Amino acid sequence: MRKFTIETARKIMANEISVEALLKQYPEYKDEVLRELGEMKKGTPANIVQAIIDRYTASAKTANTKISKSGMNEATVNAFLPNIIKARFAVYLLEQLNIAVSAKTPAGNVRFNRWDGTILQRLLFRKGFERKPVSLPLFRFFWRFIKDKKLLMPLVNKKGIYCFYSKELIKELTALIGARKCLEIAAGDGTLTRFLNEAGTVCIATDDYSWKHYIDYPAYVEKADAKTALAKIHP
């Protein structure tokens with residue numbers, strides 16, 4: 001059994017160590033995960049990827065709770081911290097597989113061709129990976145010219161991006177919210193809240209920062225889980 005220092009455990013639980021660094025430091029857990037993935041696949045329902053992620057996530061949450069309640073007891077840390085590490089490995093490996101399958105090439109070599117990259121950058125982003133509200137007419141027109149459509153979401157997932165928002169959606173949400181107080185839970189990088197506030201609403205973004213290893217949380221995204229956010233803000 002691996003033995004972990006309390007400081008290492010705290011950093012892993014706070015996602016302060018990248019998954020790439022963890023893979024190098026704890027290769028035996030990667031091997032365990034790969035074996036477990038193979039076993040799970042045999043008896044897992046149709047939505048295999050989500051089922052696997054749910055299983056590892058539940059295991060990691062249980063481990064986190066036990067370690068926290070123990071007051072970072074050494075024996076508890078050594079017994080349950082591997083579950084947290086393995087959960088991160090499982091999500092990472094599944095994401096890499098998704099990218100590789102979408103591109104039909106090794107994941108490390110995947111990137112957009114210049115044509116696709118230029119169109120998508122101007123259509124979906126202001127700069128870098130900063131999203132902007134997308135015009136549906138422009139999207140419908142340009143999307144048909146993108147050659148490797150399946151690459152988009154697997155590649156941006158690594159930046160904590162799981163959707164894009166249209167100008168039309170923001171307009172409708174703004175009208176629906178009106179002058180009422182609005183709260184976004186699990187806001188990620190706060191993009192939706194930013195769009196709504198730019199459109200004139202008063203929206204507060206919150207997130208529990210559990211995806212800190214993927215997402216750069218801006219200062220306006222308040223760190224809070226759903227229960228805490230609802231109790232504090234009363235939307």
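A residue is called buried when its relative accessible area is under 20%. Leu-37 has a relative accessible area of 14%, so Leu-37 is buried. The structure discussed here is a predicted model. Its chain contains eleven helices and five strands, and buried residues make up 37% of the 235 residues.

**The chain as a whole**

- Among the contacts in the chain with a separation of 6 or more, 60% are accounted for by residues 24 or more positions apart.
- The chain exposes about 14,000 Å², and carbon and sulfur atoms supply 57% of that area.

**The nonpolar cores**

- The largest nonpolar core has 36 residues, of which Ile-12, Leu-81, Ile-84, Ile-85 and Phe-89 touch the most other members.
- Two or more residues of this core come from each of these elements: helix 1 (6–13), helix 2 (19–25), helix 3 (27–42), helix 4 (48–69) and helix 5 (74–103).
- Helix 5 provides the largest share of this core, namely eleven residues.
- Ile-85 touches Phe-4, Ile-12, Tyr-26 and Tyr-29, when residues up to four places away in sequence are not counted.

**Leu-37 and its contacts**

- The buried residue Leu-37 is located in helix 3.
- Leu-37 touches Ile-52 and Tyr-56, leaving aside residues up to four places away in sequence.
- In sequence, Leu-37 and Ile-52 are 15 residues apart; in space, the C-alpha atoms of Leu-37 and Ile-52 are 7.6 Å apart.

**Thr-191 and its contacts**

- Thr-191 belongs to helix 10, which spans residues 191–198.
- The relative accessibility of Thr-191 is 2%, and Thr-191 therefore counts as buried.
- Not counting residues up to four places away in sequence, Thr-191 touches Arg-131, Tyr-165 and Tyr-220.

**The largest pocket**

- Rolling a probe the size of a water molecule over the atoms shows where empty space is left.
- The largest pocket holds about 990 Å³ of space.
- This pocket is lined by 42 residues, and the closest to its centre are Asn-15, Asp-208, Tyr-209, Ser-210 and Trp-211.
- At least two residues of the lining are supplied by each of helix 1, helix 4, helix 5 and helix 10.
- Divided by class, the lining of the largest pocket comprises 24 nonpolar, eight polar and ten charged residues.

**Residues with a positive phi**

- Most residues other than glycine have a negative phi.
- Tyr-209, a residue other than glycine, has a positive phi near 65°.
- Tyr-209 is found in the loop between strand 4 (202–207) and strand 5 (221–223), and Tyr-209 is also among the lining residues closest to the centre of the largest pocket.
- His-234 likewise has a positive phi, with a value near 50°.
- His-234 is placed in the segment after helix 11 (226–233).
- A residue counts as exposed when its relative accessible area is over 50%; His-234 is at 55% relative accessibility and therefore counts as exposed.

Definitions and conventions:
Residues are numbered from 1 along each chain as its sequence is written. This is a predicted model: local features need pLDDT of at least 70, side-chain atom pairs count only at pLDDT 80 or more; totals for chains, interfaces and linings use all residues. Side-chain values use heavy atoms; hydrogens and water are left out. Helices (H or I, at least four residues) and strands (E, at least two) are DSSP runs, numbered from the N terminus. Buried means under 20% relative accessible area, exposed over 50%, partly exposed in between (1.4 Å probe, protein chains only). Contact means heavy atoms within 4.5 Å. Accessible areas come from the Shrake-Rupley method with a 1.4 Å probe; for residues, only the protein chains shown count as cover. A nonpolar core is a set of buried Ala, Val, Leu, Ile, Met, Phe, Trp, Tyr and Cys residues joined through side-chain atoms within 4.5 Å. On a 1 Å grid over the protein atoms alone, a cavity is a set of points where a 1.4 Å probe fits but cannot get out, and a pocket is an open set with protein on both sides within 12 Å along at least five of seven lines; lining residues have an atom within 4 Å of a point. Grid points are joined across faces, edges and corners, and a volume is the space filled by probe spheres set on the points. Ala, Val, Leu, Ile, Met, Phe, Trp, Tyr, Cys and Pro count as nonpolar, Asp, Glu, Lys and Arg as charged, and the others, Gly among them, as polar.
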